[in-house]
Amino acid sequence: LTAEGQVRAVRLGDLLSGTRIDRIGSSNLKRNLQTAEAVQRNAGEPDLEVFAPELVYEWAQDLLIQAPGQHVLYVGHSNTVPELLNRLTGSGLYADIPESDYTRFYVVVSKGLG
């Protein structure tokens, strides 16, 4: 992460410090992992699961089946976050996020896939 990115990651960790997070998922790219680790330190050290970006949907699907009711944070990419949102909602409402936009944070409550 750049110095600015490190500040954003710490700020996100501070913002979520009082929030229940049971698991954190992150892509295996260094910037995402560094952001996830900053949140993990402030969230009581929940499990951190690291995977290739293209596996996010399978990861989410497994969580919905094997661990329903958990509070999960996914640290993703400008294209994987909207894709996951679209799959979870069964819609096409979410477009890719511009590469320079670091302001988006989505909260999803799911009863299952689609």
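In which strand is Ser27 found? Ser27 is found in strand β1, where strands are DSSP runs of E with at least two residues and helices are runs of H or I with at least four, both numbered from the N terminus. The structure is a predicted model, in which local features need pLDDT of at least 70 and side-chain atom pairs count only at pLDDT 80 or more, while totals for chains, interfaces and linings use all residues. Residues are numbered from 1 along each chain as its sequence is written, and side-chain values use heavy atoms, with hydrogens and water left out.

**Overall architecture**

- Four helices and three strands make up the secondary structure of the protein chain, and their order along the sequence is α-β-α-β-α-β-α.
- The protein chain has a radius of gyration of 13 Å, close to the 13 Å that the globule rule gives for 114 residues, so it is as compact as a globular protein of that length. The radius is taken over C-alpha atoms, and the rule is 2.2 Å times the number of residues to the power 0.38.
- Along the principal axes, the C-alpha atoms of the protein chain fill a box of roughly 40 × 30 × 25 Å.
- Of the 114 residues in the protein chain, 35% are buried (buried means under 20% relative accessible area, exposed over 50%, and partly exposed in between, with a 1.4 Å probe and protein chains only).
- Among contacts in the protein chain with a separation of 6 or more, 60% come from residues 24 or more positions apart; contact means heavy atoms within 4.5 Å.
- The accessible surface of the protein chain is about 7100 Å², and carbon and sulfur atoms hold 51% of that area (Shrake-Rupley method, 1.4 Å probe; for residues, only the protein chains shown count as cover).

- Strands β1 (residues 23-27) and β2 (residues 47-51) run parallel and are joined by five bridges; pairing requires at least two bridges found by DSSP.
- Together with helix α2 (residues 30-42), β1 and β2 form a right-handed β-α-β unit. Right-handed means that, with the strands pointing away from the viewer, the path from the first strand over the helix to the second runs clockwise.
- In the loop between α2 and β2 lies Glu45, which has a positive phi of about 60 degrees although it is not a glycine. Most residues other than glycine have a negative phi. Glu45 is partly exposed, with a relative accessible area of 49%.

**Ser27 and His77**

- Ser27 stands opposite Phe51 in β2 and is buried, with a relative accessible area of 0%.
- His77, in the loop between β3 (72-75) and α4 (80-89), is also buried, with a relative accessible area of 16%.
- The side chains of Ser27 and His77 are joined by a polar contact of 2.7 Å (a pair of N or O atoms within 3.5 Å; within protein, one must be able to donate a hydrogen and the other to accept it, and residues adjacent in sequence count only if both atoms are side-chain atoms).
- Not counting residues up to four places away in sequence, Ser27 touches several residues, including Asn32, Val50, Pro53 and Tyr74. With that exclusion, His77 touches Ser27, Leu29, Asn32, Pro53 and Pro82.

**Helix α4**

- Seven of the 10 residues of α4 are buried, so α4 is largely enclosed by the rest of the structure.
- These buried residues are Thr80, Val81, Pro82, Leu84, Leu85, Asn86 and Leu88, and they pack against α3 (56-66) and β3.
- Gly90 follows α4 and has a positive phi, near 65 degrees.
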